[in-house]
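Dear colleague,

Below is the model I said I would pass on. My notes on its salt bridges and nonpolar cores follow it.

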Amino acid sequence: MPKLRGADIVVKTLEKAGLTDIFTLSGNHIMSLFDAAIDANLKLLHVRHEAATVHMADSYGRLTGRPGIAWVTGGPGHANAVGALFTALGQETPMVLMSGHTETDQLGKGGFQELRQVAMAEPVSKAAWLSTDTATVGMDVAKAVRIATTGRPGPVSLNLPSDVLDARVETDAIVWPTPADFSAPAVPLHDAVADAVIGLMATAKRPLIIGAPVLATDRGRVLLRRMEAAFGAPAVLSEGPRSFADASLGAYADVAGDADMVLLLGKALDFTLKFGGAPFRPDCRFIAIDPDGAMLDRAVRYKGALLALGAIADTVPAAETLIARAAEHKLGDAGWVKEANGLLYDRPADWAVLTGSAPDRLHPAQVFPVLQRYLTPQSILIADGGEFAQWGQSILRNDRRMINGVAGSIGGSLPMAAGARVADPANPVFAVLGDGTFGFHMSEIETAVRLNLPYVAIVGTDCRWNAEYRLQVRDYGPNRTYGCELDPTRYDLAAAALGGHGELVTRVEDLGPAIERSLASGKAAVVNVMIDSIPSPALRR
Ligand SMILES: Cc1ncc(C[n+]2csc(CCOP(=O)(O)OP(=O)(O)O)c2C)c(N)n1
Ligand SMILES: [Mg+2]
């Protein structure tokens, strides 16, 4: 009777599901998976730090809507990867982290790199468990994919002990997943509930639609624009870690403060919305549609009788139903939509005349209008955290953009840029990040060069962790700044040393040509722009 290894079952299961791009870093516990991958149609994209596997799978998952797959080794490999799941969880990204794990017969005995991996992953994943049976390990893979993509999507941690991967089982004992095991039916919004939502929205003078991070994709943005048109209500994404100071939403606090009815479209009532408190008016009513009953409970607790309606439904099908049924009604007020969108998206005219404080320095506001010239509708933009990237988020316009999001964790943008290139090899990818942030994953430039995943990273060098420096100035005074300084490091030369392309820019007129040479290089490229250290813009009416 022929036999198959657990590792072969995992790999064949992924192959059958068409999940063939694997972001990984080798390690004892998972070498059987690497071995099995040779005989399957899997592509191993291997990186320089386990967190990068997760960031790449995250950006892949966000762009394609299909789960990104990361493989890391047990113990320290898993520990390194887990921190990056926080961003994927906040952004509702479908992805599966598969981690090697101590052998099941060594559990609790001080096994090699033994770690309570499930417990470690639980707070930053939708689900985390340990596979214990080789014959059904393919079912575990399918279940992980199903959970990652169902309801509110998110990361799943599947832990694979090396003995489960190494064991051989007779082929007729293997329980293979069927296509149905990889997905679950969406939970629709019932027509009667949709009509009730429409009825409530029709009573509002200044309704506002707030979308979940899962809608922060080009597909999601199109859906939000259709919601906006159908309901005559501005529709925004609330994914910014800075809450109502979200740089991409201008005077968002003023728009929220004007609203008398807020439709939460899969958006949890969390800190990004000040838990439904100010700037929302005390009498503003809320409608919550959410895949997760716990989020409706939360909305009831925070808003009480001001929660006009709550319904469980998956975000995208709910939006489709609402759009279809709203079509028969004339809803909203074009004047309000125009006013709100002006507050959200207009930028002060005097930003156009801002210049650096010295001939060899740019103001951040000078950088992004130049970058905008190179963004096509299909370009992908990845903006990290920090003040420079906030300027970028405020000024740049494009639908295919990804940010560090609700988690507010900095550092993922370089591996995310490479992951974006895997998801979409045809279109230019840009990353925007500060000099401090660049250090997190600069070694991934070698990965991107080796794997031929070109992108252009615009690094704003102000020689400090400016976002935190600004907090020190604000909260403790200008004489109490400490621990936030950096050197004027030649990140462009670092990129070149890692095999990529590097450009140093100190004058605005050199920026466009530097971006052009970077694009033409066909490599991962760093445009190191020397900037003034300026706080990000906070816009109010
Ligand atoms: C993982 C993580 N570590 C630390 C922080 C805190 N933090 C947020 S922004 C920032 C400074 C970023 O500095 P830089 O990349 O140079 O950008 P700048 O603000 O200077 O433009 C820091 C340390 C965080 N948000 N996430
Ligand atoms: Mg900086």
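Asp 191 is partly exposed at 41% relative accessibility (buried means under 20% relative accessible area, exposed over 50%, partly exposed in between; 1.4 Å probe, protein chains only). This is a predicted model, in which local features need pLDDT of at least 70 and side-chain atom pairs pLDDT 80 or more, while totals for chains, interfaces and linings use all residues. Residues are numbered from 1 along each chain as its sequence is written, chains are lettered from A and ligands numbered from 1 in the order written, and side-chain values use heavy atoms, without hydrogens and water.

Asp 191 forms a salt bridge with Arg 325, at 3.1 Å from N to O (a side-chain nitrogen of Lys or Arg within 4 Å of a carboxyl oxygen of Asp or Glu). The two lie 134 residues apart in the chain. Arg 325 is partly exposed too, at 26%.

Arg 540 and Asp 254 also pair, with their closest N and O atoms 2.7 Å apart; 286 residues separate them. Here Arg 540 is exposed at 57%, whereas Asp 254 is buried at 8%. The whole structure has 26 salt bridges.

The largest nonpolar core has 47 residues (buried Ala, Val, Leu, Ile, Met, Phe, Trp, Tyr and Cys residues joined through side-chain atoms within 4.5 Å). Among the members that touch the most others are Met 95, Leu 97 and Phe 438. A second, separate core of 35 residues includes Leu 14 and Leu 160.

Regards

Technical notes:
Helices (H or I, at least four residues) and strands (E, at least two) are DSSP runs, numbered from the N terminus.
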